[in-house]
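Look over the complex shown here. The text then walks from model confidence to the sheet, to one helix, and on to the chain contact.

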Amino acid sequence: MTMTESDKPLLAAETLSKSYGRHVGCRDVSFELYEGEVLAVVGESGSGKSTLLQVLSGQLDPSAGRVLYRMRDGVARDLATLGEAERRFLFRTDWGYVHQDPTLGLRMAVSAGANVGERLMAVGSRHYGRIRGTALDWLERVEIDRDRVDDAPKTYSGGMRQRLQIARNLVTRPRLVFMDEPTGGLDVSVQARLLDLLRGLVSELGLAAVIVTHDLAVARLLSHRIIVMKNGAVIETGLSDQVLDDPREAYTQLLVSSVLPA
Amino acid sequence: MPAVLEIVQASKSFTMYLQDGLRLPVVAGVAFSVHAGECVVLAGPSGAGKSSILKMIFGSYRCDAGRILLRHADAVTDIAAAEPRRILTLRKDTMGYVSQFLRAVPRVPCLDVVAEPLIGQQVARDEARAVAGALLHRLNIPQRLWPVPPVTFSGGEQQRVNIARGFLPDMPILLLDEPTASLDAANRAVVVDLIAAKKKQGAAIVAIVHDDDVRRAIADTIVDVSKFSVAA
């Protein structure tokens, strides 16, 4: 069998550890993520999943181990060795990062259109009409009324802000999106809408994603594979239905059995 | 012709840590094979492990021992040892699983729920919707329900949506967990026809059915699962 591009991982974590002084954030985490694959990282707060996400996305340097990312030229590069321009390219174009708190991922005082357009301009778009057109298209895709394009997100509801943040991230057609509790803090009905939207976009665009969540229902709906973390370490991995329907570790069984059936 | 699916001495148990590490053996020494165009019906009393065996084949349950060999294209994959990625690919184009329950996703219309697996196989959206509609029609789901998310449908309607979703894509291996439970006679007959058509196309089928008439109509081979059951 010949190796094609998609046979090589897009992102690879190799024995990653991050400690803050004596406190361990995450330790000895290894996995591979392929194109179009959605990986959920689950565990309780303090399990190290958010630390892991920040190390994976180059926002924190690992204390040990490395993160490899396959650039658009097909070459896997160690994040630690990337130059400033390459890092900028990843953050502005090839990656998305969806924060739990949309105020961290949006500029709250400028218009929704500018929030989406800014990412486009960062990759070289200059034609105002086209930028506005693309921004309007994306608002529509995330189900925000086109009439709201000139309003700033501070006038938006929580659910709308989260959808706008997603549009801002996806407009540059990234290959990989990191999401930190994307549905956290939203009302249940708003969560369902966002989940459904995310599910559609991820499969339509063939996105790879790493989603940190403590919500197993979110993991089941969105992810192909699950990593379970406890005290900074990965204790169980597998297909999402394997981990949720046939959990092997005591802690995973506790997590799964703690969910109230709807 | 070599078997499409061959299960070799597979076993499965659960260890329940929340119950002081209680070990629940489910099945051991499971061994049977399924050829193209053959329908194997798993028989045995409730709790004998029939559904567990289907889940082991689909990869939802991990095996403790043994092999589950799946022949596809020109390769053989052991599901019991395969990488998650490999299993995902096989689920997309080689093996389908139809349970009696639809895992309904909020807001996705009935027609799209059915068309989705085909779209995943790169069939054009309009074409996928057209064949999805035809199959829903055959299963007596009226057209006015197609744009509605099936969350609010009755149990029987949801089951028929699930059957349409599972039967639409061409899969060389089909796993059916009580596909006709809670269906009326007319719809049961449609499902029996669908299964017959799949067999004719060369699909290898493993099914659990409690209805005697349905079993008689579809089964080529009956495997008594109680011989694999492990008394707790």
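**A walk through the predicted complex**

Helices (H or I, at least four residues) and strands (E, at least two) are DSSP runs, numbered from the N terminus. Chain B has a mean pLDDT of 93, and 99% of its residues reach 70 or more. For the complex, the predictor gives an ipTM of 0.90 and a pTM of 0.92.

This is a predicted model: local features need pLDDT of at least 70, side-chain atom pairs count only at pLDDT 80 or more, and totals for chains, interfaces and linings use all residues. Residues are numbered from 1 along each chain as its sequence is written, while chains are lettered from A and ligands numbered from 1 in the order in which they are written.

Turn to chain A. Six strands form an open sheet in the order 6-7-8-3-9-10, with mixed pairing. Two strands pair if DSSP finds at least two bridges between them. Strand 6 and strand 10 (233–239) of chain A are the edges, each pairing on one side only. On average, neighbouring strands of this sheet are turned by 15° against each other, direction ignored. Axes are lines fitted to C-alpha atoms, for helices over the stretch in contact, and angles run from 0 to 180 degrees between N-to-C directions. Within the sheet, strand 3 (residues 38–42) and strand 9 (residues 225–230) of chain A pair in the parallel sense over four bridges. A:Val41 has A:Ile227 in strand 9 as its bridge partner.

Next, helix 6 of chain A. It lies across strand 6 and strand 7 of chain A, running at about 165° to strand 6. Of its 13 residues, 12 are buried, so helix 6 of chain A is largely enclosed by the rest of the structure. Buried means that 20 or more other C-beta atoms, placed from the backbone, lie within 10 Å of the residue's own. The buried residues include A:Met160, A:Leu164 and A:Ile166. They pack against several elements of chain A, among them helix 4 (112–122), helix 5 (128–141) and helix 7 (188–205).

Finally, the two chains meet. In all, 15 residues of chain B are in contact (C-beta atoms, placed from the backbone, within 7 Å) with 17 residues of chain A. Helix 2 (residues 84–93) of chain B supplies the largest share of the chain B side, four residues.

Key: Contact = placed C-beta atoms within 7 Å. pLDDT = per-residue confidence, 0-100.
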